[in-house]
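Here are some notes on the two ligand sites and one residue. Please read them with the model open.

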Amino acid sequence: METTSTPTHCPYCALQCGMNITPLPRGGVEVTERPDFPVNRGALCGKGRTAAQVLSPALRLTAPLVREGDRLVPASWEEALDRIAGALSAVRACHGADAVGVFGGGGLTNEKAYALGKFARVVLGTSQIDYNGRFCMSSAAAAGTRAFGLDRGLPFPLADIPRTGCVILVGSNLAETMPPSLRFFSELRENGGTLIVVDPRRTRTAEQADLHLAPRPGTDLALALGLLHLVVAEGRTDEEFIRERTAGWEEARAAAMAHWPEYVERITGVSVPELREAVRMFCAPESAMVLTARGPEQQSKGTDTVGAWINLCLATGRAGRPLSGYGCLTGQGNGQGGREHGQKADQLPGYRKLDDPAARRHVAEVWGVDPDALPGPGRSAYELLDALGTDVRALLLMGSNPVVSAPRAAHVEQRLRSLDFLAVADVVLSETAELADVVLPVTQWAEETGTTTSLEGRVLLRRRAVAAPPGVRSDLHVLHELAARLGVEKGFPTDPEEVFGELRRASAGGPADYSGITYRRLAEENGVFWPCPEPPAADGSPAGTDRGPSADGGGATASGTAVHPGTPRLFLDRFATEDGRARFVAVAHRAAAEEPDAEYPLLLTTGRVVAQYQSGAQTRRVAELNAAAPGPFVELHPRLAARLGAAEGDPVAVVSRRGRAVAPARITAAIRPDTVFMPFHWPGEGRANTLTNPALDPVSRMPEFKTCAVRVEVL
Ligand SMILES: Nc1nc2c(c(=O)[nH]1)N[C@H]1C(S)=C(S)[C@@H](COP(=O)(O)OP(=O)(O)OC[C@H]3O[C@@H](n4cnc5c(=O)[nH]c(N)nc54)[C@H](O)[C@@H]3O)O[C@H]1N2
Ligand SMILES: Nc1nc2c(c(=O)[nH]1)N[C@H]1C(S)=C(S)[C@@H](COP(=O)(O)OP(=O)(O)OC[C@H]3O[C@@H](n4cnc5c(=O)[nH]c(N)nc54)[C@H](O)[C@@H]3O)O[C@H]1N2
Ligand code: SF4
Ligand SMILES: [Mo]
């Protein structure tokens with residue numbers, strides 16, 4: 001089929017780097033530079049450069065598999081789909097609709113995430129749906145919604161970063177997790193701006209910083225409160241901004257004043273002079289930003305922690321103004337869009353709330369169902385996984401590999417094994433797919449069209465560039481076929497543009513309004529920032545209704561009205577709360593769910609390396625990436641290693657209350673002596689998530705991936 005090159009986007013992280021895909025005459029494809037996409041301007045990391053290798057039939061699933069005893073054997077699509085539909089119906093008949101669960105992923109396109117959420121609510125009638133984004137940016141999303149009335153990861157484009165005065169990067173290692181974005185921060189420093197990095201490790205990102213603060217893991221809340229205390233004490237608040245554009249300052253101020261710098265130094269290990277220097281750097285220029293990533297967010301107090309960093313922005317007038325603000329660096333390819341269109345337990349498309357009667361009416365009308373028939377909010381991701389085999393007896397999983405990536409993974413693995421029935425749709429035989437009763441092989445990014453929403457809130461078009469191998473079908477096809485087998489013949493089209501047309505209508509009027517976005521516009525404009533409502537038609541018909549899935553996009557809608565330009569920058573005039581004011585939150589330091597003691601005297605924190613992606617299901621299959629990052633390791637400070645008697649490369653066991661993981665020691669002065677670090681990309685005996693603590697944040701239900709108590713034993 002296609003022989004020319006097609007502009008598209010990387011399948012992996014939320015930067016969604018632009019790339020060109022060219023099929024080669026003798027088979028296979030080539031990834032080449034696409035300089036016209038402003039976020040990466042042609043640059044790609046090693047994962048993006050090698051992503052197309054996973055398209056090869058040799059590395060992936062090409063036929064459905066069904067379980068025969070303890071083996072998975074190839075089967076026809078008919079048989080595989082019949083088995084799934086039969087099992088889901090049987091479980092539902094026996095145990096009720098909520099006995100069937102659905103687990104999605106932030107890597108799924110908007111169309112897939114939308115269809116999956118609709119499938120759960122309309123076809124299965126279950127409330128038991130959630131997704132891996134809960135493990136990702138849910139704390140920042142909750143805090144952003146609480147403070148600003150709206151959660152969009154970055155309220156400004158990345159291109160604003162070089163022009164601000166100072167950026168505090170809290171718990172982001174973007175030199176490894178989003179390498180092409182590092183350029184924006186180097187340009188910031190070339191322009192005279194400053195960079196502060198907050199990370200318990202001296203990462204490649206921290207090495208770029210003017211100031212590196214290395215707090216004890218799990219103490220970012222205290223750190224932010226200490227900085228706010230100093231801002232007040234040094235008279236650096238912006239009283240006019242606080243008066244005109246915020247609410248709740250008095251309570252938040254009082255809470256911060258209880259966090260004296262010396263007290264904060266004792267909790268965090270960051271010295272008072274360092275705190276003072278950070279405040280000076282943040283407050284001196286006209287504009288500044290705070291960006292958080294998983295470090296401060298993946299904590300059992302992640303929502304309050306992000307809230308405290310937002311307080312710092314609000315108190316200094318560094319929000320809702322040009323070149324200033326708080327942002328969250330969302331992680332997965334469609335981490336942003338994946339949380340907006342209804343695969344989250346409590347949400348409906350357009351970032352609507354499932355428990356809001358008006359939202360239910362709107363979406364039910366688009367779906368052609370009775371609002372009262374829509375189930376209510378379900379459980380969060382870990383709670384859902386924890387309930388498998390008890391009241392949730394069958395699971396349909398699409399786009400996640402929780403055997404490797406969920407907290408307390410040995411327990412989650414055992415819960416998955418205890419299910420009556422597990423169906424997994426994946427591109428490869430992941431560790432979770434290995435446990436399934438039926439595995440469906442699906443098409444990949446370059447073989448299908450769909451939209452993603454990047455960490456900037458920019459909706460992008462990923463285009464089909466190559467033909468899929470025979471035997472694989474799209475996730476949309478899977479949902480269409482299963483719906484039909486479960487008695488719903490209409491409403492699950494397989495054409496992504498048709499699904500997007502319905503998503504536009506379902507999102508119209510919601511916080512994440514996509515109704516003015518068309519595939520045509522996305523192709524022509526290099527993406528469109530939401531919200532992008534469709535202006536009301538001249539004939540008075542409301543936005544987003546019945547003007548077809550691809551209403552004319554090149555400058556005007558079908559009815560002749562001007563198009564909405566999209567919204568690159570949010571909150572400049574008002575915040576998205578009812579009264580337009582941002583909300584301070586009064587928060588106080590609290591301990592992690594698990595603090596070190598005599599038996600488990602160290603802190604474990606976890607994260608990523610540049611050459612592997614997430615559970616590694618895709619990247620562990622690429623030779624070049626495996627050569628760069630062949631397996632797990634345990635980072636130990638030289639003083640700790642000496643005390644333990646561990647030498648570089650020695651196998652060490654890391655033991656927590658959940659279990660034990662073994663990996664070679666990597667000795668480095670870049671980590672605090674009271675902390676050890678493991679990347680989480682591998683299964684088996686080096687699986688970091690065997691150790692992690694599923695203690696949940698009370699608001700976001702985020703597990704505490706970033707800190708738990710461990711001991712280290714040299715083997
Ligand atoms: N190479 C690669 N890139 C990726 C991914 C990948 O798997 N591999 N995944 C993508 C996804 S989904 C995501 S969410 C992003 C994540 O991107 P990041 O958030 O940058 O990644 P992490 O390595 O999880 O965590 C960042 C840093 O937090 C630090 N940290 C640990 N504990 C704490 C703490 O208590 N406080 C603070 N302040 N910092 C702490 C760690 O030392 C680490 O350097 O990356 C995306 N990009
Ligand atoms: N200890 C620790 N654990 C963590 C984290 C941490 O920092 N520390 N980070 C957490 C975070 S931020 C995240 S985002 C999660 C991610 O962890 P996971 O949810 O496991 O994410 P992936 O490994 O990306 O899994 C995606 C799976 O879906 C498949 N897939 C890819 N595209 C498609 C598609 O279009 N359709 C279908 N059906 N399948 C597809 C892939 O092959 C892969 O098997 O891990 C979390 N776990
Ligand atoms: S930085 Fe992210 S989007 Fe860009 S090439 Fe690497 S993995 Fe892909
Ligand atoms: Mo993530």
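Leaving aside its neighbours within four places in sequence, which residues is Gln298 in contact with?

1. Basis. This is a predicted model, in which local features need pLDDT of at least 70, side-chain atom pairs count only at pLDDT 80 or more, and totals for chains, interfaces and linings use all residues. Residues are numbered from 1 along each chain as its sequence is written, chains are lettered from A and ligands numbered from 1 in the order in which they are written, and side-chain values use heavy atoms, with hydrogens and water left out.

2. Gln298. Beyond the neighbours within four places in sequence, Gln298 is in contact with Phe135, Cys136, Met702, Pro703, Glu704, Phe705 and Lys706 (contact: heavy atoms within 4.5 Å). Gln298 sits in the loop between H12 and helix H13 (302–315); helices are DSSP runs of H or I with at least four residues, strands are runs of E with at least two, and both are numbered from the N terminus. Its side chain reaches the backbone oxygen of Phe135 at 2.9 Å. Gln298 counts as buried because its relative accessibility is 4% (buried is under 20% relative accessible area, with a 1.4 Å probe and protein chains only).

3. Ligand 1, contacts. Around ligand 1 there are 33 residues, of which Asp199, Asp220, Arg608, Gln612 and Gln614 come nearest (near: a heavy atom within 4 Å). A nitrogen atom of ligand 1 is 2.6 Å from a polar backbone atom of Gln612, and a polar side-chain atom of Gln299 lies 3.3 Å from an oxygen atom of the ligand. The protein covers 99% of the 910 Å² of accessible area that ligand 1 has on its own (Shrake-Rupley method, 1.4 Å probe).

4. Helix H5 (174–177), helix H12 (294–297) and strand E23 (602–607) are the elements that give two or more residues to the shell. Ligand 1 lies between domain 2 (139–329) and domain 4 (602–714), because both give residues to its shell; the domain bounds come from an automatic or database domain assignment.

5. Ligand 2. The shell here has 31 residues, the closest being Asn132, Ser400, Ser405, Asp426 and Ser615. A polar side-chain atom of Ser615 lies 2.5 Å from an oxygen atom of ligand 2. A nitrogen atom of ligand 2 is 2.8 Å from an N or O atom in the side chain of Asp475. The protein buries 95% of the 920 Å² that ligand 2 exposes when taken alone. Domain 1 (65–135 + 334–507) and domain 4 (602–714) each supply at least three residues to this shell.

Conventions
A polar contact is a pair of N or O atoms within 3.5 Å; within protein, one must be able to donate a hydrogen and the other to accept it, and residues adjacent in sequence count only if both atoms are side-chain atoms. Buried means under 20% relative accessible area, exposed over 50%, partly exposed in between (1.4 Å probe, protein chains only).
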